[in-house]
Amino acid sequence: MPSIVKDIIDRYSGKSTHDLTTSEQFQLQVALSIESGEDLRYEYRSIGKRNPSKIHEIPYLKSIFGPEILYSKEILLTIDDGYVEGITEAYCELICSLKVYAAFFLVGETVDEAVLLRLEKYTEYCSFYIHGYKHINLSKLSNGDLQNNCSLISKHNRIYFKKKVIRLPYGGGYNDPRVLSSLPSDLFNLHWNVNPEDYRFTAEYYETYGAEQISNLLTHLVLQNKSLDKGGIILMHQENDSRGIKKEISFLYIPQLINYLKSFQFDIIDLRSKLFCRN
Ligand SMILES: [Zn+2]
């Protein structure tokens, strides 16, 4: 089987850094470190004293990236793009079996009372938040469509999720005042600061390299991200391929990553503990 690490090095190392995106440069750096046989380890770089806020204390219009609400070495696992019947439950089962917390961001229109009832039994470790009403990039909408979407988000959040936190689909508008000021004033956008881009690893990658190599690479891409020092909001996505490819990768990657995070004394925390009230 070809090596994903060697292939990344072959693809990127001949190029000048100007021709590579930041993400490609980071992939190359991580691939080289794996290739050199370095063990995965984590050196914590102290970043000094910080005083993270509770979400209700963060000023209106704020997108949260991590350090605003997290202490050093605190981790939030976030899993986007549910609800899909059977699949979201499988991810919840995995999280509960690992006894860690995760915040699930579910597309509003996929959630109703019946769905929440099915997810109820996972709420010890899993909490659920709105991921837009539809899975669209709000920053690309006209003013009228943006207002309509934000009304739907507000209504749906009030009826079903009852939370102070949203994640904007595609992160679209996380730094756009037009989008942020259109959101209900009691909703904060929870962005991310650690994104190993799991969506890059499509069926084609899976068929070439297999789930284990992809899982290993994703784990390295998270652990070598320096943002972890400041408190990391890690972006993950649940299965979106009917063949179950993503799920097979996630079910190797998530436990592997969590094992490492625990062994490096990271705290995987419950987003609800950062909210004004625990619900
Ligand atoms: Zn999404």
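This is a predicted model: local features need pLDDT of at least 70, side-chain atom pairs count only at pLDDT 80 or more; totals for chains, interfaces and linings use all residues.
1. **Strand β2 and its surroundings.** Start with β2, which spans residues 74-82. Nine of its nine residues are buried, so the strand is largely enclosed by the rest of the structure. The points below take its pairings one at a time.

2. **β2 with β7.** These two strands run parallel and are joined by six bridges. I75 has G232 of β7 as its bridge partner. L76 stands opposite I233 of β7. Strand β7 covers residues 232-237, and it too is mostly covered: five of its six residues are buried.

3. **β2 with β3.** Strand β3 takes in residues 102-106. It runs parallel to β2, with four bridges between them. To locate this pairing, look at I79, which faces F104 in β3.

4. **β2 with β8.** Strand β8 consists of residues 267-268. Its pairing with β2 is parallel and rests on two bridges.

5. **Loop residue I69.** Which strands flank I69? It sits in the loop between β1 (63-64) and β2. Is I69 buried or exposed? I69 has 25 C-beta neighbours inside 10 Å, and the cut-off for a buried residue is 20 or more, so I69 counts as buried. Setting aside neighbours within four places in sequence, its contacts are P52, S53, I55, I64 and K274. I58 lies 11 residues from I69 in sequence, and the two C-alpha atoms are 8.8 Å apart.

6. **Helices α7 and α8.** Helix α7 covers residues 203-223 and helix α8 residues 245-263. Their axes are 9 Å apart and meet at an angle of about 20°. That angle makes α7 roughly parallel to α8. The crossing is right-handed. On the α7 side, the contact is made by A203, Y206, A211, E212, I214, S215, L218, T219, V222 and L223. On the α8 side, the residues are I245, E248, I249, L252, Y253, Q256, L257 and Y260. How many of the residues in this contact are nonpolar, polar and charged? The division is 13 nonpolar, three polar and two charged.

7. **Helices α1 and α2.** Helix α1 is residues 4-12, and helix α2 is residues 22-35. They pack with axes 9 Å apart, at an angle of about 130°. The two helices are therefore oblique to each other. α1 passes α2 in a left-handed crossing. From α1, the contact uses V5, I8, I9 and Y12. From α2, it uses E24, Q27, L28, A31, L32, I34 and E35. Eight of the contact residues are nonpolar, one is polar and two are charged.

8. **What to check on screen.** For the strands, follow β2 and find β7 joined to it by six bridges, β3 by four and β8 by two. For the helices, view α7 with α8, roughly parallel, and then α1 with α2, oblique.

Terms used
Residues are numbered from 1 along each chain as its sequence is written. A residue is buried if 20 or more other C-beta atoms lie within 10 Å of its own, exposed if 12 or fewer, and partly exposed in between; C-beta atoms are placed from the backbone. Two strands pair if DSSP finds at least two bridges between them. Axes are lines fitted to C-alpha atoms, for helices over the stretch in contact, and angles run from 0 to 180 degrees between N-to-C directions. Angles under 35 degrees count as roughly parallel, over 145 as roughly antiparallel, 65 to 115 as roughly perpendicular and the rest as oblique. A crossing is left-handed if the near helix is turned anticlockwise from the far one by less than a right angle, and right-handed if clockwise. Two residues are in contact if their C-beta atoms, placed from the backbone, lie within 7 Å. Ala, Val, Leu, Ile, Met, Phe, Trp, Tyr, Cys and Pro count as nonpolar, Asp, Glu, Lys and Arg as charged, and the others, Gly among them, as polar.
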